[in-house]
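Please look at the sequence and the model first.

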Amino acid sequence: MRGSWRWVAALFLGTASPLQAGVVLFDWTKNETAGNADWVVDHSAPVPTPASPSGPDAWDGAISTWGYELHTRGHTIRTLPPGQTLTYGANDSLDLSRVDLLILPEPQNPLSSSEIQAVLEFLRNGGGLIFLADHYASDRDRDGWDSPRIWNAAFEDALGVHAHVRGERYNSFSGQSSNFNPSAAVIQGPAGRVDRIAFHAGTVFSFRQNPSVWGVAWVEGKPRGNTLAMVVCGTYGEGRFCVVGDSSPADDGTGAPGDRLYDNWNELDNGVLLLNMSLWTMRRESPPPPPPNQGNHKGGPDKYGYTWIDSHTSGGPQFVWYTVSTQSSLNGDDQTVTLNLPFAFPFYGKTFTQVIVGSNGVLQFGNPSSVNPYSNSKLPMSSAGRMIAAFWDDLTVFNSQGSYVYYGSVGSDKFVIEWRNARRYGDSTVSYTFQVVLVKNGDIYISYRKLSGTVTSSTVGIQDGSVSLQVTYNGSNSGHPDAGSTIYFKAPKSASGHQGGPDGGGYTWIDSHIPGGPSYLWYNRDNTWTDLGIDGDDVGKWVTLPFSVNFYGQSFNRVYVSSNGVLFFTTAANPYSNGPIPNGSYSYFLAPFWDDLTSFSSYGSRVYAKAVSSSRVVFLFENLHRYRDNTASYTFEVILDANGTVHFSYGRLAGTVASATVGIQGGSGTGLQVTYNGSYSGHPEQGLTIRFSPGAVKGGVAGLSGAREGVYLARKVVDGRVPLRLVVGSPARVRVGVLDALGRVVLRKDYGVMSPGVHRVGLDLAGAPAGVYFLRVEMGERAYREKFVVR
């Protein structure tokens, strides 16, 4: 190992301490299992049973995975059972003076004044606190207290954080966010990096912005100020605390029979965030890697577009290590095991749902003619096919020698394969521990934790058999790899995300995973939505639209909504057997999730509709089931605009997606197919939006021959008046904003729905100081950005 270990203090972290076992106390004295909740680790308290669980499901609470993950890291898990109280300084084994971390998971009853003082004293003396709130009016036991109000009453004054309640913005908020504080220690922690989290009806916080309190995550697209924060952390005395505005990220989907629970722990990076918080609040951070070496270790692109960079290089990744606990069956010399991936992984132009793991430090995809070769070579090696050479050498994985291959998922978008204590053939004195992280978008990370033998007889890199990106071969390129380093292979844009078209009618499609695609779009249902009364199997209903829709050049003012996940403009049909697109049997339809589905209200399935604007209507298919399979549940939306733009958005997809058709169709032979029975990487998926856009306005824009839709402005403004020329191709709501160089909003204008044509408007910036400004114009679903200078 080059260099020496040293402790590094991250911002907001203080001085790190060695990894030690701690005591974590989950509260159950505040009716955390009321109503439809089950926020306990296990229903056996104070000690969960069994004491040595084989997996998270060995404990039966809805937050058992949280407890289990901390247990696997050596921490003692205890529950404060109903009937007891929170104390500090009492002669009790569950007293907070004997605890490192207290977790209050959406309490339903308020803390007494003595309990509040006990928790604050606990914090003041170095304890850790995590509090999970929920949306306003989440009073499950109907005693007049919900968790936001409980937080405010107990801790707002002392800790300076206020949960939003009645009359305040975003007090019942659902959505995903990657709007993070990059300096917050819980975003990049010992459990991994947090890239995106999701709320399902939670609240947000405002806080006193000072060195003791800071925001961690905000509502997507909102400023990172002292309000609209989804997650807040801080310090109090010697202690640390974090408060999360939603309990659903901790829900692992299992719990008391009859409770309506969802596996949100594994959704995006929810679980990673909560684990990082746990380890940070109780001061159990793993030691950081050794200081980076000087160097310029990067390469590519190869012919396909992949690049690589390591953690020793400016702009490279941080060293990252994930803990996985599922042991594979791989055992021996020159052995392989085939693992199923939790998602379709794109690699060199194809997607794969399985990976071959070889004892010789390689991963392979497909059917290579040379599987798990023991003799490493330069890349490419054509017979090895599509391969990731993590540490390709003549290695052995004998379980009897303490060598294993482990694997597991991290969040919903990462799959990790770890070689733990692999040996070189004929030399059991050396030991190699390394792992590969496959990211859903096609990115790859290879991290090295322990390399106690030679590294100059190995190959590291990726290839498809003919195209390769080699990091090292037998010691080239500064002797890579080395312990405490991470190599990041960035996938080309085409490796993840999908798009297609135009078809014969001019429509194109693009999804939210690809650059230039739409953001995830979801409308939360409330009591203003109309229940369409579609109840049963193979049933549907004609719905009159609130406006005429221009779809493939035809105008429609009604649509037939079928329980089988299809909307027809010209016929009343309920086909339970899905087919490809273009489809010879039907025309002019939308297929957000065409499968043999049912909408029985007795099983909680409903179809709703709502006009959310003068030019947009949304159809919500909520909790539909597959025929004769009530364990599967599908929730998705169709967002239909008057100009023919269509969005499909997917909420919960708890079941197979490989037997559905997704796409749109116009007349006979014209249409766009996104997927049919699992093609295109098994689309759709939870948290995805697909946008279908009609073709350009034929014949240019009225009033300006040949003009393209867009925004035109002078680059320099001398009198404070900004002349704009807006070329609108189809009816669209137009909103304009101006920001200064610091990102502060200077001006906002909403011009309502503009008709097609050329519109000239002026923005008055008189009195604005000279400098650079940024213009953003939203024209329907399109957004235009321009920069200009005020002199």
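## Helix α1

Helix α1 is mostly covered, with 7 of its 9 residues buried. Buried here means under 20% relative accessible area, exposed means over 50%, and partly exposed lies in between (1.4 Å probe, protein chains only). Helices (H or I, at least four residues) and strands (E, at least two) are DSSP runs, numbered from the N terminus. The buried residues of α1 are Ser64, Thr65, Trp66, Gly67, Tyr68, Glu69 and Leu70. They pack against β1, β2 (76-80), β3 (101-105), β4 (128-132) and α4; contact means heavy atoms within 4.5 Å. Just after α1, glycine 74 has a positive phi of about 95°.

## Basis of the model

This is a predicted model, in which local features need pLDDT of at least 70 and side-chain atom pairs count only at pLDDT 80 or more, while totals for chains, interfaces and linings use all residues. Residues are numbered from 1 along each chain as its sequence is written, and side-chain values use heavy atoms, with hydrogens and water left out.

## The whole chain

The protein chain contains 6 helices and 54 strands. Of its 791 residues, 54% count as buried. Along its principal axes the C-alpha trace spans about 80 × 70 × 70 Å. Among contacts between residues at least 6 apart in sequence, 63% join residues at least 24 apart.

## Aspartate 42

Aspartate 42 sits in the loop between β1 (23-27) and α1 (64-72).

Aspartate 42 is buried yet has no salt bridge. A salt bridge is a side-chain nitrogen of Lys or Arg within 4 Å of a carboxyl oxygen of Asp or Glu. The nearest side chain of opposite charge, arginine 78, is 10 Å away.

## Asparagine 276

Asparagine 276 lies in helix α4 (residues 270-281) and is buried, with a relative accessible area of 1%. A polar atom of its side chain lies 2.9 Å from the backbone oxygen of glycine 192. Leaving aside neighbours within four places in sequence, its contacts include Val186, Gly189, Gly192 and Val194. The C-alpha atoms of asparagine 276 and arginine 193 are separated by 8.9 Å, although these residues are 83 residues apart along the chain.

## Salt bridges

The structure holds 22 salt bridges. In one of them, the side chains of glutamate 106 and arginine 140 meet at 2.9 Å, N to O. Glutamate 106 is in the loop between β3 and α2 (113-124) and arginine 140 in the loop between β4 and α3 (147-159), so the pair ties together parts 34 residues apart in sequence. Glutamate 106 is buried, at 0% relative accessible area, whereas arginine 140 is partly exposed, at 27%.

Aspartate 535 and arginine 606 also meet in a salt bridge (3.7 Å, N to O). This pair links distant parts of the chain: aspartate 535 lies in the loop between β33 (530-531) and β34 (536-537), and arginine 606 in strand β40 (residues 606-613), 71 residues apart. Aspartate 535 counts as partly exposed at 40% relative accessibility, and arginine 606 as buried at 15%. Elsewhere, salt bridges that share partners join Arg193, Asp195, Asp269, Asp413 and Lys414 into one network.

Note on methods
Lys and Arg count as positive and Asp and Glu as negative; His and the chain ends are not counted. A polar contact is a pair of N or O atoms within 3.5 Å; within protein, one must be able to donate a hydrogen and the other to accept it, and residues adjacent in sequence count only if both atoms are side-chain atoms.
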